[in-house]
Amino acid sequence: MQFKELSIDPNPHHHELNPVLWDNNSLRKDVRHQLLKIARHFALYLDVPILNLKDVTLSGSSAGYNYSDYSDIDLHLVVSKTNGNDELFTAKKNLYNNQHDLAIKSIPVELYVQPADQKHHSAGIYSVLDDKWITEPVHEEPKTDPKDIKAKARNYASKINSAMRSGQIEQCRQVMDELKRLRQAGLETGGEQSVENLAFKLLRARGQIEKLRKYITKLESAELSLGEHNED
């Protein structure tokens, strides 16, 4: 499939927040109640003696004007201290998201643990715990050219396909790391409307990111397995 054939809008924009989640720029009560319920379940799943929970926040495109049918809800458990549990939190976050198919009114929910001192880039950040905006999104007409977004995404789609054809785990990991750096650099320099971030989202909406992630897992499993042909 070529990018020019896609019906996905690389830079969606609306004049109001998603009415499924928001009512007059306030989080709907039933949505807030369920998000807090999910956050509590995730906190118990983390199973650490002291979590140091400071806030529960909603961010990403679902907290702004650039949401689409491919958007999810980024739900962050903000902790004041990680107590050296950073790697544990990352591992359990990945396991939890893989094991649980959670959604709020058909919008997938993605869980994260975020240290309070870690800078988080998002047009909007809402405290689900305190039921108020931390950073309220500003309505602006998009300025990023869709052609630039598709060109950047096409370039990285080619890298993904090349890495997967190689069958080399290190090459696949390098491309995945490059994709993460691409997005982070875009967020730091141009925010959510940066070409890099929107290209990453387009690739994710296409399923390219997930395809690469699953292929890396497949290669890792093969690398760690011992078949009959490997036996002495």
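**Figure 1. Contacts that span the sequence in the predicted model.** Take the contacts in the protein chain between residues at least 6 apart in sequence: 76% of them join residues at least 24 apart. Buried residues account for 41% of the 232 residues. The chain contains six helices and eight strands, arranged along the sequence as β-β-α-β-β-α-β-β-β-β-α-α-α-α. Its radius of gyration is 19 Å, close to the 17 Å that the globule rule gives for 232 residues, so the chain is as compact as a globular protein of that length. Along the principal axes, the C-alpha atoms fill a box of roughly 65 × 50 × 30 Å.

**Figure 2. The open sheet of six strands.** Follow the strands in the order β5-β6-β4-β3-β7-β8, and you will find that the pairing is mixed. At the edges stand β5 (103–104) and β8 (132–135), each with a single partner strand, so one side of each has no neighbour in the sheet. Zoom in on β7 (residues 125–127) and β8, which pair in the antiparallel sense over three bridges. Here isoleucine 125 has threonine 135 of β8 as its bridge partner.

**Figure 3. Helix α1 on the sheet strands.** Helix α1 (residues 29–46) lies across β3 (53–59), β4 (73–79), β5 and β6 (107–115). The helix runs at about 55° to β4.

**Figure 4. Where helix α4 meets helix α5.** Helices α4 (residues 169–190) and α5 (residues 195–206) pack at an angle of about 140°, and their axes are 7 Å apart. That angle makes α4 oblique to α5. On the α4 side, look for Leu179, Leu182, Arg183, Gly186 and Leu187; α5 contributes Glu196, Asn197, Phe200, Lys201, Leu203 and Arg204. These contact residues divide into five nonpolar, two polar and four charged.

Key. Residues numbered from 1 in each chain as written. Predicted model: local features only at pLDDT ≥ 70, side-chain atom pairs only at ≥ 80, totals over all residues. Heavy atoms only, no water. Axes fitted to C-alpha atoms, helices over the stretch in contact; angles between N-to-C directions. Helix = DSSP H or I, 4+ residues; strand = E, 2+ residues; numbered from the N terminus. Parallel < 35°, antiparallel > 145°, perpendicular 65-115°, else oblique. Contact = heavy atoms within 4.5 Å. Nonpolar A, V, L, I, M, F, W, Y, C, P; charged D, E, K, R; others polar. Pairing = 2+ DSSP bridges. Rg over C-alpha atoms; globule rule 2.2 N^0.38 Å. Buried < 20%, exposed > 50% of the residue type's maximum accessible area, 1.4 Å probe, protein only.
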